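Please look at the structure before reading on.

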Amino acid sequence: MKHAVIVGPQGAGKGTQAALLAEKFNLLHLSTGDILRALMRTQSDLADEVRGYVDAGALVPDALTARVLFAKLDESSAGAAYTGALFDGYPRNAVQAEVLDETIAGRGEELVAVVHIDVPVEVLTERIMLRAEREGRSDDTPEALERRLSIYFEETQPLIARWRSRDIVLDIDGDQSIDAVACDIERAISNVLAPAGDVD
Ligand code: AMP
């Protein structure tokens, strides 16, 4: 399987683009945020624990995140015709990047692309505020947002250098219409992945 990562700050349009990309290239879309939010809707001690971190805008502990993420990968890819997974929201720090590399290598698979969506900070704040009004997410409070953005710039963005040295980063200008961004991503990734429906 050939896997990809999509990375960008909150408000970069990552979730929207990930869904489009996964469909076009027949990838299993794995959003850790969505997986954790689904877990939070259940009634369990684990859900309460996860809710505490997410609502504060903090990262859920690495081991717990990895456990739920890779369980979902196994469960959803078994018997399915995906060509790979699209990791959205993971990895977010150096430990998680190591875990992802080890997991993929352990499966005899490959990480072939990192789609990096970049958007100026002023645009991000505006978009996040709009989303907060529209979706009413429990972690779109100003304090949680500030924390999430600072985690992105301090811990997640530095990972891009690691992938750049492997020559797998695709830099995308996210300050355009949804369609234009989707088009740029598709064009860039076509060099390493085949669109759904293509037989190789
Ligand atoms: P997102 O939907 O990607 O913005 O994620 C929402 C929240 O879920 C984050 O602020 C974290 O609390 C948690 N979360 C998502 N992905 C991860 C991850 N890779 N590691 C730890 N926590 C995460």
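How many cavities of 30 Å³ or more does the structure hold? The structure holds one.

## Basis of the model

The model is predicted, so local features need pLDDT of at least 70 and side-chain atom pairs count only at pLDDT 80 or more, while totals for chains, interfaces and linings use all residues. Residues are numbered from 1 along each chain as its sequence is written, and side-chain values use heavy atoms, with hydrogens and water left out.

## The cavity

A cavity is a set of points, on a 1 Å grid over the protein atoms alone, where a 1.4 Å probe fits but cannot get out. A volume is the space filled by probe spheres set on the points, which are joined across faces, edges and corners. The largest cavity has a volume of about 40 Å³.

Its lining consists of Gln-17, Leu-20, Leu-21, Lys-24, Phe-25, Ala-182, Ile-185 and Glu-186; a lining residue has an atom within 4 Å of a point. Two elements, H1 and H9, each give two or more residues to this lining. H1 gives the most, with four residues. Helices (H or I, at least four residues) and strands (E, at least two) are DSSP runs, numbered from the N terminus. By class, the cavity lining has five nonpolar residues, one polar and two charged. Here Ala, Val, Leu, Ile, Met, Phe, Trp, Tyr, Cys and Pro count as nonpolar, Asp, Glu, Lys and Arg as charged, and the others, Gly among them, as polar.

## The largest pocket

A pocket is an open set of grid points with protein on both sides within 12 Å along at least five of seven lines. The largest pocket has a volume of about 1100 Å³. Its lining is made of 47 residues, and Gly-11, Lys-14, Gly-15, Arg-131 and Arg-137 lie nearest its centre. Among the elements that give two or more residues to this lining are strand S1 (2–7), helix H1 (14–24) and helix H9 (178–189). The lining divides into 16 nonpolar, 19 polar and twelve charged residues.

## The ligand

The ligand sits in the largest pocket, where sitting requires more than half of its atoms to lie within 2 Å of the grid points. Around the ligand are 16 residues, of which Thr-32, Ala-58, Gly-89, Arg-92 and Gln-96 are the closest; a residue counts if one of its heavy atoms lies within 4 Å. Helix H2 (residues 32–40) supplies the largest share of this shell, four residues. The shell has six nonpolar, five polar and five charged residues.

A polar side-chain atom of Gln-96 is 2.9 Å from a nitrogen atom of the ligand. A polar backbone atom of Val-60 lies 3.0 Å from a ligand nitrogen atom. An N or O atom in the side chain of Arg-137 is 3.4 Å from an oxygen atom of the ligand. Taken alone the ligand exposes 480 Å², and the protein buries 96% of that, by the Shrake-Rupley method with a 1.4 Å probe.

## Two backbone details

The peptide bond from Tyr-90 to Pro-91 is cis, with omega near 0°. Pro-91 belongs to the loop between strand S3 (84–88) and helix H5 (94–106).

Asn-26 is in the loop between H1 and S2. Its phi is near 55°, a positive value in a residue other than glycine.

Technical notes
A polar contact is a pair of N or O atoms within 3.5 Å; within protein, one must be able to donate a hydrogen and the other to accept it, and residues adjacent in sequence count only if both atoms are side-chain atoms.
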